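Work through the exercises below with the coordinates open. Each task is followed by its solution.

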Amino acid sequence: MALFKGAGVAIVTPFNEKNEVNYEKLGELIDYQIENGTDSIIICGTTGESSTLTEEEHLECIKFAVEKVNKRVPVIAGTGSNCTETAIYLSTEAEKYGADGLLLVTPYYNKATQNGLIEHFTAVAKKVSIPIILYNVPGRTGCNILPKTVATLVKNVDNIVGIKEASGNIAQVAEIMNLTDGNIDMYSGNDEMVVPILSLGGIGVISVLSNIAPRETHDMVMKYLEGDIITSRNLQLKYLPLINALFCEVNPIPVKAALNLMGFNVGKPRMPLTEMEPANQERLKKEMNNCNIKTVA
């Protein structure tokens with residue numbers, strides 16, 4: 001059984017004026033997401049700025065999210081690292097806190113071989129019992145999980161059950177589905193490719209767009225899965241200009257700007273990320289207004 005079907009939000013980590021994690025605001029964001037149809041909370045992913053959280057903050061955010069969600073929807077914890085031992089530690093702690101599943105990014109910077117990836121993910125999976133979703137985002141990590149490698153892992157490691165595919169390569173998605181005989185939970189890692197990936201057997205998206213349009217992103221997936229392909233396709237196309245604006249600077253710079261425009265006051269990204277350029281922020285605000293997302297700033 002899949003961890004979730006539909007739209008999982010890659011939720012931002014809000015910071016206060018002292019650049020500390022704002023847990024009160026994180027709780028507000030979690031409630032907003034669940035109240036508006038989000039199917040899963042993904043905590044401490046790329047959008048959650050996991051790369052600039054301390055290990056203590058990382059674990060506290062996971063613990064907080066699990067307790068705040070309180071089983072209303074699944075909580076999936078980002079616990080990947082380019083150090084296998086660190087990934088094991090974060091993953092085992094997340095399981096102790098009650099996370100429903102894990103999201104494991106490919107080891108970045110090291111540029112592991114495909115055999116190295118198999119050994120890395122297998123080593124982590126052996127230390128936990130909860131389901132694991134692999135996270136393939138070669139544009140950020142410099143490391144691509146090849147379809148054959150994905151198939152090997154899914155077939156040989158019981159609790160590796162899915163993949164968040166953010167390679168942007170639809171042919172690679174098709175090859176993964178082919179080599180796994182469709183026995184994998186395929187999630188789009190790109191908001192602009194939700195419907196194409198659903199057409200190949202995907203069951204959802206792990207989404208940046210969901211931070212500001214949770215109901216619509218949920219509907220984009222669920223309408224397709226319910227057989228209403230036209231409505232799903234129309235939502236994909238309607239939100240494409242906004243999606244493009246959300247990625248006109250590196251994620252999560254624009255989505256934090258968007259949430260601030262909505263009045264959520266999630267703070268600035270942590271350095272080395274900086275605030276959004278004014279011209280790009282105007283573009284973002286325009287596209288939000290075109291999609292009837294209310295702004296207060």
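**Exercise 1.** Classify Asp-100 by relative accessible area, then describe its salt bridge.

*Solution.* Asp-100 is partly exposed, with a relative accessible area of 24%. The cut-offs are under 20% for buried, over 50% for exposed, and partly exposed in between (1.4 Å probe, protein chains only). Its side chain meets that of Lys-71 in a salt bridge (3.6 Å, N to O). The rule asks for a side-chain nitrogen of Lys or Arg within 4 Å of a carboxyl oxygen of Asp or Glu. Lys-71 counts as exposed, at 61% relative accessibility.

The model is predicted: local features need pLDDT of at least 70, side-chain atom pairs count only at pLDDT 80 or more, and totals for chains, interfaces and linings use all residues. Residues are numbered from 1 along each chain as its sequence is written, and side-chain values use heavy atoms, leaving out hydrogens and water.

**Exercise 2.** Which residues form a network through salt bridges that share partners?

*Solution.* Asp-31, Lys-68 and Arg-72 do. Take the pair Arg-72 and Asp-31: the N to O distance is 2.9 Å. Arg-72 is partly exposed at 41%. Asp-31 is buried at 19%. In total, the rule gives 8 salt bridges.

**Exercise 3.** Are Glu-57 and Arg-270, a salt-bridge pair, buried or exposed?

*Solution.* First, the distance: 2.8 Å, N to O. Next, Glu-57: buried, with 17% relative accessible area. Then Arg-270: buried, with 9%.
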